[in-house]
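I set out to look up a few places in this structure and to write down what I found at each of them. The sequence and the model come first, and my entries come after them.

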Amino acid sequence: MLEVSGLTKSFSGFVAVNGVSLSVQSGEIHAVIGPNGAGKSTLFNLITGHLACDEGEVRFEGQPITGLPPHAVVRRGIGRSFQRISVFPRLSVTENVQTAIVARDGREFCFWRPLLGSGLDATMELLETVGLSDEADNLAGELSYGKQKQLELALSLAGEPRILLLDEPTAGMSPRETEDSIALIGRVVRERNVTLLFTEHDMTVVFGIASRISVLHHGEIIASGTPEEVRANAAVQEVYLGRSAH
Ligand SMILES: Nc1ncnc2c1ncn2[C@@H]1O[C@H](COP(=O)(O)OP(=O)(O)O)[C@@H](O)[C@H]1O
Ligand SMILES: [Mg+2]
């Protein structure tokens, strides 16, 4: 479904992503793990067109998407969320999702024109899916951190992506919130038949959910395989588990 080959990106001489190749099969839950600074966010930004690569290619469903701007990448069926919260804090939860659905339908969202009933059925269904029905009328900015992340998940699903890229969806969460959030994400992508590629720095978080794990270290993929294969990989144990096991 997604084929990344030889992707490379430097920032003023510093190679953040170095010849990364990765394939994601349809239906997979694929985790990219690696310590902070490994190049995970940069890799995602290269795939989604938020950064231009120096070398390499990205193909989605057989078509090259390298160099396409972010909105064109989204149109192809690739949804994403960011490591930092990106909701409209002063709009209600419902309005946030409505905005994303209106954008998907190709209509321009105008802040001065009321959304009224636009996309309301689809909005309510999405809120139900991510467990935010009770928060529908509350301001997004007043939700707890965990609930803002649930809202972000709804926003990234609004475009009906076939693959979802989530960059550290559990960043900043307590262990309990992390567990709930991973369970929610797993349930939602399976229910909606969405392929998932996500990043995580804590290796223990991904074992329960990932069908495939790729390990990124200093901008390079050092291992890729099933959770069992990755856990047993000597290079991974040396450079990753040895350093950040806790
Ligand atoms: N815009 C940028 N300019 C300069 N250096 C950057 C930029 N973005 C990321 N980097 C550097 O690239 C490396 C990888 O960063 P990042 O992709 O954010 O890692 P991760 O998401 O795995 O924590 C880090 O050393 C970071 O400082
Ligand atoms: Mg990151």
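My notes below go from the sheet to the ligand and then to single residues.

**Ground rules.** I am working with a predicted model, in which local features need pLDDT of at least 70 and side-chain atom pairs count only at pLDDT 80 or more, whereas totals for chains, interfaces and linings use all residues. Residues are numbered from 1 along each chain as its sequence is written, chains are lettered from A and ligands numbered from 1 in the order in which they are written, and side-chain values use heavy atoms, with hydrogens and water left out.

**Entry on the sheet.** I looked up the strand order and found an open sheet of six strands, S6-S7-S8-S3-S9-S10, with mixed pairing; strands here are DSSP runs of E with at least two residues, helices are runs of H or I with at least four, and both are numbered from the N terminus. Two strands pair if DSSP finds at least two bridges between them. The edge strands, each pairing on one side only, are S6 (78-81) and S10 (220-225). On average, neighbouring strands of this sheet are turned by 15° against each other, with direction ignored; the axes are lines fitted to C-alpha atoms, and such angles run from 0 to 180 degrees between N-to-C directions.

**Entry on strand S3.** I then asked how many residues of S3 are buried. Five of the five residues of S3 (residues 29-33) are buried, so the strand is largely enclosed by the rest of the structure; buried means under 20% relative accessible area, exposed over 50%, and partly exposed in between, with a 1.4 Å probe and protein chains only. Ile29, Ala31 and Ile33 are buried on one side, and His30 and Val32 are buried on the other, which leaves both faces covered. S3 runs parallel to S8 (residues 195-200), and five bridges join the two, with Leu197 as the bridge partner of His30 in S8. S3 also pairs with S9 (residues 212-217) in the parallel sense, over four bridges; there, Ala31 has Ile213 as its bridge partner, and Ile33 stands opposite Val215.

**Entry on strands S9 and S10.** Five of the six residues of S9 are buried, so I note S9 too as largely enclosed by the rest of the structure. S9 pairs with S10 in the antiparallel sense over five bridges, and the bridge partner of His217 in S10 is Glu220. The hairpin of S9 and S10 has two residues between the strands, and His218 takes a positive phi near 50° in it.

**Entry on ligand 1.** Which residues surround ligand 1? I listed Phe11, Phe14, Ala16, Pro35, Asn36, Gly37, Ala38, Gly39, Lys40, Ser41 and Thr42, a residue being near a molecule or strand if one of its heavy atoms lies within 4 Å of it. By class, this shell has five nonpolar, five polar and one charged residues. Looking at the backbone, I found that an oxygen atom of ligand 1 lies 2.7 Å from a backbone N or O atom of Gly37, that a polar backbone atom of Gly39 is 3.0 Å from a ligand oxygen, and that for Lys40 such a distance is 2.8 Å. Taken alone, ligand 1 exposes 560 Å², of which the protein buries 59%; these areas come from the Shrake-Rupley method with a 1.4 Å probe, and for residues only the protein chains shown count as cover. H1 gives the largest share of the shell, three residues.

**Entry on Asn36.** Is Asn36 buried or exposed? Its relative accessibility is 63%, so I count Asn36 as exposed. Asn36 lies in the loop between S3 and H1, and its C-alpha is 9.4 Å in space from that of His217, although the two residues are 181 apart in sequence.

**Entry on Asn96.** Asn96, found in helix H3 (residues 93-104), is buried, with a relative accessible area of 2%. The Asn96 side chain reaches the backbone nitrogen of Phe88 at 2.8 Å and the backbone oxygen of Leu91 at 3.4 Å.

Key: Polar contact = N/O pair within 3.5 Å; in protein donor to acceptor, adjacent residues only side chain to side chain. Nonpolar A, V, L, I, M, F, W, Y, C, P; charged D, E, K, R; others polar.
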